[in-house]
Amino acid sequence: MIKRNKTLLRNIDWYIVILYVFMTFFGCMNLYSVSSEKAEKQLIWILLSLIFIFVVFLFKPIHYKYFSPYFFLFTLILLIGVFFLGKNVNGSKSWYVFGSISFQPSELSKISTSLMIAHLMSQENFQKNKKILLYIFIIILPAVLILLQPDPGSSIVFSSFILTLYREGLSIFFILYALILIFLFILSLKISPWILTSLLFLILLSVLLNKKKRSINDLFFYLLFIISFSIFVFISPLFYQKFLKKHHKDRINILFQNEFDRKYRENVGYNLLYSKTAIGSGKFFGKGYQKGTITKGKFLPEQHTDYIFCTVGEEWGFIGSVTLIIVYLLFISRIYFLSERQKDPFGRIFGYSVGNILFIHILINLGMVMGLFPTIGIVLPFFSYGGSSLWSFTVLLFIFIRLDVSNQTSLL
C-alpha cells in the first residue's frame, strides 16, 4: 500500500497542482483586501479542501465509472428537492441550509454531469452512434432544473458540455445553431418577433435560391430552420417576462443602456459602473496591494464573489490582470493537454468537461466585470469567495488528476 501511494504521488502532474495552489492563495490574498473576515474563512475552506482531495484519491477510476449514474441520479434528486426544502437567497431558491452550513446542489451537478457524460460516451464510438439526443438530454435536464430555481447563471455553465461533445465528434453545426439561438434571444428583446421572423425567412430564402443544386431535402431542411427559429423568437420574450426575476431583467437591460447615466448609476448600473471604474483606476501597474480606494471603500457589494477580479484590476493593474488571465489559460491548456494523453476515453472526456467548465466560468465572469455580459452570478474559479464553489472546482480538478495518475501507472 505504501509503495502504491508513493507511485501515485510521484506520477501526479505537479505543474497543474502548483497552478491550482497559486490561484487559490492569490485569490485569498485579494479577498483579504476586500474583507479580512471573509479571507480567513476562505483560508479555512482551502485547508479543508485537502480532505476532499484525500477522499478523491481513495477511489480508483473504475469506481468513478461505475458510480457515475448513481451520483447523477442523486444530484437530480437534490435539484428537485431544493424547490421544496431550499432557502431563498437573492431571489433564487437554490441553497440547502442546515444551521450555519449551506451548499448549492448545482455545484454538485457539474461534477455528476461530467462523470455521467464521460461514462456514457466512453462506452462506444461517439462518431458512429446515434445517441446524440440522449447526451443532450443528460446535459439539459439538470440545466433546466437549475434555470427554474431560477439560477440562469449556473444553468448557462452547462453549455460548456457542447464543447466536450464537439471534441468527441459532434458536428460544428450544433454549436453554430446554439450561437444563433443566443443571438436571436438578445435581438428578440429589442426587435419585434414578426420583423425577426421576416428577416430570417428572407435570409434563408436567398441562401436557398443562390444554391446551385437544390433538392427536396434542402427545402425540408430550410423550412425546419425557419420554423424552429420562428418559434424560438416568439417564445423568448415570453420566457424573459414570465420566468426571469426583476433583477435578472435589469442585469440584461443594462447591457443596452449606459451605466454612467444618472438614472442607472444608482440602481441597475451601480455594480457595473464601479466595476469598470475599479479596473480602470488600476492603470498599468495598479495602486498596490491593499491600496485600492474602491475596494477599501466597499463600493461594490458583491466584490468578494462575482466581482473579485475588480480587486486584481485596481490593486495589481493591467500587469496583474493579464498575468492572472495567462495563468488561467496555462491552467486550462494543461488540462486539455493531459486529457489528450489519456489512454481511457473516460478520462479524456471527463478532462475536457473539466477544462470547458472552467473556461466558460472564466469567460463569463470576466465578461461580467467588463460589461460584456450581464451579471448572472458566475464566480471566478478558485478565486471568488465561497466554500461550495471552491470545493466543487477542487473535486472536479482532482478527480481528473486522479484519473491521469492511473493513466500513467495503469492502476485501473
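Is Asp 344 buried or exposed? Asp 344 is buried, with a relative accessible area of 19%; here buried means under 20% relative accessible area, exposed means over 50%, and partly exposed lies in between (1.4 Å probe, protein chains only). This is a predicted model, in which local features need pLDDT of at least 70 and side-chain atom pairs count only at pLDDT 80 or more, while totals for chains, interfaces and linings use all residues. Residues are numbered from 1 along each chain as its sequence is written, and side-chain values use heavy atoms, leaving out hydrogens and water.

**Salt bridges overall**
- A salt bridge is a side-chain nitrogen of Lys or Arg within 4 Å of a carboxyl oxygen of Asp or Glu.
- By this rule, the count is eight salt bridges.

**The pair Lys 65 and Asp 344**
- Lys 65 and Asp 344 form a salt bridge, with their closest N and O atoms 2.4 Å apart.
- Lys 65 sits in helix H4 (residues 61–85) and Asp 344 in the loop between helix H16 (309–340) and helix H17 (345–369), so the pair ties together parts 279 residues apart in sequence.
- Helices here are DSSP runs (H or I, at least four residues), numbered from the N terminus.
- Lys 65 is partly exposed, at 23% relative accessible area.

**A network around Glu 168**
- Salt bridges link Arg 167, Glu 168, Glu 340 and Arg 348 in a network.
- Arg 348 meets Glu 168 at 2.7 Å, N to O.
- Arg 348 lies in helix H17 and Glu 168 in the loop between helix H8 (160–167) and helix H9 (172–188), so this pair ties together parts 180 residues apart in sequence.
- Both Arg 348 and Glu 168 are buried.
- Arg 167 also forms a salt bridge with Glu 168, at 3.8 Å between the closest N and O atoms, and Arg 167 is partly exposed at 29% relative accessible area.

Methods: Helix = DSSP H or I, 4+ residues; strand = E, 2+ residues; numbered from the N terminus.
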